[in-house]
Amino acid sequence: MPSLAAFERPAPVWSSWDAKRPAGLDELLRHAAWALRGGPGVTQRRRGSFPSRLSSWPGGGLGGGGTTFSPLGGQHRNVQPFSDEDASIETMSHCSGYSDPSSFAEDGPEVLDEEGTQEDLEYKLKGLIDLTLDKSAKTRQAALEGIKNALASKMLYEFILERRMTLTDSIERCLKKGKSDEQRAAAALASVLCIQLGPGIESEEILKTLGPILKKIICDGSASIQARQTCATCFGVCCFIATDDITELYSTLECFENIFTKSYLKEKDTTVICSTPNTVLHISSLLAWTLLLTICPINEVKKKLEMHFHKLPSLLSCDDVNMRIAAGESLALLFELARGIESDFFYEDMESLTQVLRALATDGNKHRAKVDKRKQRSVFRDVLRAVEERDFPTETIKFGPERMYIDCWVKKHTYDTFKEVLGSGMQYHLQSNEFLRNVFELGPPVMLDAATLKTMKISRFERHLYNSAAFKARTKARSKCRDKRADVGEFF
C-alpha cells in the first residue's frame, strides 16, 4: 500500500524571483493585475466562476498559457500562449448570440410581418380551441373568451370556415353543461362566429344547432339572469344574420315578446313600474325584438305596431333608467317604421305621449343619480324630436380613412347592437367585414397600403389648427346662449 506522503500536496518552492518581490503594496497589486490579465484562468473568470486555489501552486494552474503568479510566492513556470480554442471561448463570453445573423433569424425579428403574425395567431387559436374541451370550467371559459376576442379584433374567415363544426360542438357543450359565466362566454362566441361567417349555409347550420339551446336558456326561469340576458342579445344577432326561414323569424319574435311584455303596466298599476331582477332580461329581449323587427316584411310590421304601439309607452314609467331609455329608442324606431310604411301615419295618443317624453327630456328629480338624468335627458331630447318633428340628429362614425353617417333610428339601433357584441373591434369589422359593410351600405372594403395611409394622416400642426378653429367657433356659439350679466364696474 502506498504511503500517505504520496497524496500530500507538494510544498511551494521559492524561486529567485520571489526574493525580489516589491515591498510596497501598490507595486504588488500592479504585478498581480498584470499576471491575472495574462495568466491562465482568465477565460474561467470571465465566465463567472472563481479559479481554483490550485492555480496558485506549481503544477496546479488551469489552462495552458502565460506566467503563473502566486501572491503566496508559488513557483512560476513558462507556458504556451492562448490557443485558438481558448481565444474562441473568450470571444464567446463577450459576444451576444444575436450578433450572429443565423441565430437572429432563428429567434425571430422584433417586428414580425403580417404573415408571421397571422400564423402565430392561428397557432394560439388552435390551442384555445383544444382548451374548450378541458375539464376545468375556468379554463374552458377563458378559452372561449380568448377565441371571441380574437375573432372580434381580426378577420379569420378561412381559419374559422375549416373549424366551424369543432367550434359549434364546443359551444353547444358549454351551453348545455356550463354554468352562468361559461354560458355567457359561449353565447358571445356564437354571435361573433356568425358575424365572421356572414349570411350563408354555414351560419344557418350554426343557428339550427345552437338556436334551440339559446332559446331554452332564455325561457328557463331557473337559469342565471346574466346568462339569459347575454343569450337573448346573441340569439337576436344570430337570427338577424343567419335566419332564412320566415316562420323561424316569427317564432323568435314571439319568444322575445313573451319576455319583455311582462314589464308592461298592468291594470292594477297606475303610476310606476317597479324594476325587478328580471328587468335586465326584459331590456335585452326588447332590444333584440326591435332589431329583428327591422328585417320583417311590411305586413308583419303592421301587425306588431298594432299590438305594441299603445302598450309600449307604459315602459316609460319604469323606475329603471335603462328600461326607460330602451323603451324610448324602440318607440322612436317604431314611429320611423310606421311613417316609412304610411307617410301620413297618425298616432291617437300623440299629445299624452309627447308630454311624457318632454317630461323625461327635462327630468330634474333629485332622487335620481346625476349620471342617469344626464343620459336620460340626452336620449329623450332626440326621441322627442323624432316623434314630433320626424327629425334625427345625424351622427358620424370614423374608422380608418372612411366615415359612416348614421341618419336614422334603424341604422343607429343596428350599429349599437353590433357594437355591443364586437366591442372595440367594431371599427376593424366596419373596414374589413363584407357582411357589416353591406348592412350599412358601405360598399366593398377599401384596400389601402401603408404608404397611402401615411400620406392621408394629417400632421400634428394641422390637427392643432383644426382644434383651435373648432374651439373658437364653439365658444362663439355658446356665448350667444349665456346670460348677459351687468358690468360690475357700473355699481361703483
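I started with a crossing: helix H12 passes helix H19 in a left-handed way. I call a crossing left-handed if the near helix is turned anticlockwise from the far one by less than a right angle, and right-handed if clockwise. My helices (H or I, at least four residues) and strands (E, at least two) are DSSP runs, numbered from the N terminus.

Ground rules first. The model is predicted, with local features needing pLDDT of at least 70 and side-chain atom pairs counting only at pLDDT 80 or more, while totals for chains, interfaces and linings use all residues. Residues are numbered from 1 along each chain as its sequence is written, and side-chain values use heavy atoms, with hydrogens and water left out.

**H12 and H19**

I looked up the geometry of this pair. The axes of H12 (residues 225–242) and H19 (residues 409–422) come within 11 Å and cross at roughly 120°. H12 is therefore oblique to H19. Axes are lines fitted to C-alpha atoms, for helices over the stretch in contact; angles run from 0 to 180 degrees between N-to-C directions. Under 35 degrees counts as roughly parallel, over 145 as roughly antiparallel, 65 to 115 as roughly perpendicular, and the rest as oblique.

Next I listed the residues in contact (heavy atoms within 4.5 Å). H12 contributes Thr233, Val237, Phe240 and Ile241, and H19 contributes Thr414, Thr417, Phe418, Glu420 and Val421. I sorted them by class: five are nonpolar, three polar and one charged. Ala, Val, Leu, Ile, Met, Phe, Trp, Tyr, Cys and Pro count as nonpolar, Asp, Glu, Lys and Arg as charged, and the others, Gly among them, as polar.

**H11 and H13**

I then took a second pair. H11 and H13 (residues 246–260) pack at about 15°, with axes 11 Å apart. They are therefore roughly parallel. H11 passes H13 in a left-handed crossing. Lys215, Ile218 and Cys219 of H11 meet Glu248, Ser251, Cys255, Phe256 and Ile259 of H13. This contact has five nonpolar, one polar and two charged residues.

Lys208 also lies in H11 (residues 201–219). I find Lys208 exposed, at 67% relative accessibility. Buried means under 20% relative accessible area, exposed over 50%, partly exposed in between (1.4 Å probe, protein chains only). The C-alpha atoms of Lys208 and Thr243 are 9.0 Å apart, across 35 residues of chain.

Beyond four places in sequence, Met404 contacts Glu395, Thr396, Ile397, Phe399, Tyr415, Leu430, Phe440 and Leu442.

**Two more residues**

I checked Gln196 in H10 (residues 180–197). Gln196 is buried, at 2% relative accessible area. Outside four places in sequence, Gln196 touches Leu151, Lys154, Met155, Leu156, Tyr157, His429 and Asn433.

Pro393 sits in the loop between H18 (370–389) and strand S3 (395–399). At 21% relative accessible area, Pro393 is partly exposed. Beyond four places in sequence, Pro393 contacts Asp382, Arg385 and Ile406. The C-alpha atoms of Pro393 and Ile406 are separated by 8.5 Å.

**Overall**

I count 23 helices and four strands. Of 492 residues, 37% are buried. Among contacts with a separation of 6 or more, 65% join residues 24 or more positions apart.
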